[in-house]
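Hi everyone, thanks for coming.

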Amino acid sequence: MTTLTAGASFSSERTRVLARPAAFWGVVAATATLLAASSAPSPLYAVYQAEYHFSAITLTAVFAVYVLALLASLLTIGRISDVLGRRPVLAAALVLEAAAMGVFLDARGVSWLYAARTLQGIATGAAVGVLGAYLLDLQPPGGSRLGSLMNSVAATGGLGVGAVVTGVLVQFAPHPTRLIFVVFIAAFALLLVLTAFLPETAPRVPGARPSIRPQIAVPTAARRHFVKAAPTMISTWMLGGLIFSVGGSVLVTLFGETNHAIVGLVIGAFSGAGAITSTLLRDVAPVRMARIGTLILVVGVALFVGALATTSLAVFIVGAVLAGAGFGPAFLGAFRTVSQLAEPHARAGLISAIYVVSYLAFSIPALTAGLVIGHAGLRATAMVYGAVVGLVAVATLGSSAKTD
């Protein structure tokens, strides 16, 4: 611990705050926990369907309200920490996230799931911008790229951990629709305490009201690179939408896998592979990293589609792991190309813009698939979805080659 000056958004007095390295890793933990919470309900949907007797269309609607709330939050309050300061915005997001976990914990019907996912979407949208900016603010000086690496690794790793832990608890622990949310409430309470000791890296400035006008805030200096990186963001997060929206249903319905722990492990392996590959390729130039990741992604998606056609569980698992191994470095390369171009006072806005594009790519195809499954069937829908992801990824490779 060391003594620093607290941010203007809290007080002008000196207060004890964490040293930068400890604060950085604390924010990494917050990022991973937040994304783990966002994926935790996924393995529970089958349980909720059996308990509350709702249709696949209703399940799609529950997913939709989360995405709509998240996108609305990203477009408005996602960049407000550039104006109000990092700590108060992060603290508010953690409180709202804990409240969402509380609604899940006491859920008694579909309306409770709508309420919980709406609160969670708002909280996640508010948090991803401030957390991403915080990691860049607190990364080691001297041109370090650790902040962008942890932005990707903590997010993808957190998604995997959430799916795995929930799957294991659903299969083996008592009260499967309750226990995981008790764990997350405790985790967010601890993170809220941690937030009080983080250094403020974005002192409060005027302009809070204009900052919440809906917009995609990409600084002029970053716009050209943002446009070039957008296809990679789209292809990677379309893939994420494929795995997290239909992956569990495919394992249960097409491959007959009824063990929730295994379903969670397979989905978690997708994200875990992305985190591991991103770390291994962390020193590769961003553009080359994105290409390598996209190429691996294409191979993984091809295996995914082939597994659906042949009903081969082994090929499906290998395809999911390879697709995840491509997802991680492809997105990290795109993120790193763009995120370093913003000045500190515009970082949260730019990172929120990255996630607006990413979550649109994540959600629109997944929502469409949810609506189509009832008419075309799960296998055909998943195969077409996978084929579209593969085509977008191949087009991304072709486009990047032409710009060299």
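A quick definition to begin: buried means under 20% relative accessible area, exposed means over 50%, and partly exposed lies in between, with a 1.4 Å probe and protein chains only. This is a predicted model, where local features need pLDDT of at least 70, side-chain atom pairs count only at pLDDT 80 or more, and totals for chains, interfaces and linings use all residues. Residues are numbered from 1 along each chain as its sequence is written, and side-chain values use heavy atoms, leaving out hydrogens and water.

So, I57: its relative accessibility is 47%, so I57 counts as partly exposed.

Now, how many salt bridges does the structure hold? There are 2, a salt bridge being a side-chain nitrogen of Lys or Arg within 4 Å of a carboxyl oxygen of Asp or Glu. One joins the side chains of D137 and R86, at 2.8 Å from N to O. D137 is buried, at 10% relative accessibility, and R86 is buried as well, at 0%. The other pairs D106 with R108 at 3.1 Å, N to O. Here D106 is partly exposed, at 35%, while R108 is exposed, at 61%.

Setting aside residues up to four places away in sequence, Y48 touches H53, F54, F104, L113, T177 and F181, where contact means heavy atoms within 4.5 Å.
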